[in-house]
Amino acid sequence: MQTPPQAPTVLRHDWSRAEVRALFDLSFPELLHRAASVHRENFDPAEVQVSTLLSVKTGGCPEDCSYCPQAARYHTGVDATKLMSTEAVLEKAKQAKAAGASRFCMGAAWRSPKDRDIPKVAAMIREVKALGLETCATLGMLSGDQAKSLKAAGLDYYNHNLDTAPDFYNEIIHTREFQDRLDTLEHVRDVGMKTCCGGIVGMGESRGQRAGLLQTLANLPAHPDSVPINRLVQVEGTPLAGTAELDPFEFVRTIAVARLLMPKSMVRLSAGRESMSDELQALCFLAGANSIFYGEKLLTTGNPDTERDMALFARLGLRPMQIVETAGTVHASIEEDEVPAHTCAA
Ligand code: SAM
Ligand code: DTB
Ligand code: SF4
């Protein structure tokens, strides 16, 4: 069977599900070749952006996300904690910076922050930013005013995932709508903050639904600046524990298609790395992943040891992306206006 021809196109926001599905259906070598080509047109393929995560408020969440160990309704052994102090967060951020991270992401197990929480998180953001780190937060749904306050505190990125395709969403989450997620992303974009938005694969969705997730992400009014692709971390006690494992090559395909659809975005090889072989991770970098979570813990579950990651970077000739500091702002070394108007294979 003939593969679809490779035609250069501009950044697109009008992908059909069939077009995205056709990319998934390419032969593995053809798909990886196209993704690797688009990757190097837009980035130095030896550079990987490195983010460290910290759970600043763990567990006790009222939502019912079927994958999540922090939902209060599942018995996962995660103890609920209060919001951490700014001092304790700052200490962790200093450690992350010393270990080589360029971005520090603060996560809270909230459906949405209460207005009274915003000044506390804003203080954390100001202090972390003063260290010269890029700042990211993931706190649940945000109102326009909350987004404005976080932006004013110096928040660079807001992480809010679509998680899965619109037509699989109701199998996974019942306590908030897909549209609620789109609304939060709009509030974040409207105040000029960068978006970090992706999803989880390996939750029992079909290939067509993986295509649907990536199609929805690429068709947002602006491509997310960072696109985390998480492989489900199965946690005992959550409804998704025991789900059939996703074929590792299908995970690599998902990374490759994300790279093709969103050529200028940082595609992050996110949760699930701890149980991946070095060879599988290398395939993900070849497929266009150029960002990772770094540090022994994600929010509540494990991540590879920093020693293992450093050894992998050395073996693959990869290096952490440096951040550039300009007046009042920090950003990764590759800026939109420095990269060529990219093309992508469709
Ligand atoms: N509570 C906030 C929210 O849901 O918007 C922010 C934190 S929440 C833990 C951030 C993201 O982590 C989720 O949207 C989901 O994509 C990811 N996540 C949570 N549990 C996961 C798991 N077991 N495996 C993979 N990704 C997971
Ligand atoms: C994202 O897409 N993945 C991260 C981050 N954004 C917040 C979270 C992964 C969480 C994995 C399960 C846990 O450690 O609790
Ligand atoms: Fe709560 Fe976020 Fe976990 Fe959903 S993903 S249960 S909103 S912490």
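1. Arg17 and Asp167 form a salt bridge in which the closest N and O atoms are 2.8 Å apart; the term denotes a side-chain nitrogen of Lys or Arg within 4 Å of a carboxyl oxygen of Asp or Glu. The pair links distant parts of the chain, with Arg17 in helix H1 (residues 17–24) and Asp167 in the loop between S5 and H6, 150 residues apart. Helices (H or I, at least four residues) and strands (E, at least two) are DSSP runs, numbered from the N terminus. Arg17 counts as partly exposed because its relative accessibility is 28%, and Asp167 counts as partly exposed at 44%. Here buried means under 20% relative accessible area, exposed over 50%, and partly exposed in between (1.4 Å probe, protein chains only).

2. On the basis of the note: this is a predicted model, in which local features need pLDDT of at least 70 and side-chain atom pairs count only at pLDDT 80 or more, whereas totals for chains, interfaces and linings use all residues. Residues are numbered from 1 along each chain as its sequence is written, chains are lettered from A and ligands numbered from 1 in the order in which they are written, and side-chain values use heavy atoms, with hydrogens and water left out.

3. How many salt bridges does a search of the whole structure find? The search finds 19. One of them joins Asp156 to Lys129, with the closest N and O atoms 2.8 Å apart. This pair also links distant parts of the chain: Asp156 lies in the loop between helix H5 (144–152) and S5, and Lys129 in helix H4 (residues 118–130), 27 residues apart. Both Asp156 and Lys129 are buried.

4. A salt bridge is also formed by the side chains of Asp309 and Arg273 (2.8 Å, N to O). Asp309 belongs to helix H11 and Arg273 to the loop between strand S9 (266–269) and H10, so the pair ties together parts that are 36 residues apart in sequence. Asp309 and Arg273 are both buried. Elsewhere, salt bridges that share partners join Arg21, Asp25, Glu205, Arg207, Arg210 and Glu250 into one network.

5. The aromatic residues form three pairs in the structure. Rings of Phe, Tyr and Trp (its six-membered ring) pair if their centres lie within 6.5 Å; planes under 30 degrees apart count as stacked, over 60 as edge-to-face and the rest as tilted. The pair of Phe28 and Phe249 is edge-to-face, because the ring centres are 5.4 Å apart and the planes stand at 65 degrees. Phe28 is in helix H2 and Phe249 in helix H9 (residues 248–261), so this contact ties together parts that are 221 residues apart in sequence. Phe249 counts as partly exposed, with a relative accessibility of 46%.

6. The rings of Phe285 and Phe313 have centres 6.4 Å apart and planes at 90 degrees, so this pair is edge-to-face. Phe285 lies in helix H10 (residues 278–286) and Phe313 in helix H11, so the pair ties together parts that are 28 residues apart in sequence. Both Phe285 and Phe313 are buried.

7. Is Arg34 buried or exposed? Arg34 counts as buried because its relative accessibility is 1%. Arg34 is located in helix H2 (residues 28–42). Its C-alpha atom is 7.5 Å from that of Leu260, although Arg34 and Leu260 are 226 residues apart in sequence.

8. Leu90, in helix H3 (residues 86–99), counts as buried at 15% relative accessibility. Leu90 and Glu127 are 37 residues apart in sequence, and their C-alpha atoms are 6.7 Å apart. Met124, in helix H4, is buried with a relative accessible area of 2%. The C-alpha atoms of Met124 and Met84 are separated by 9.5 Å, and these residues are 40 apart along the chain.

9. Asp163 sits in the loop between strand S5 (157–159) and helix H6 (169–172). With 3% relative accessibility, Asp163 counts as buried.
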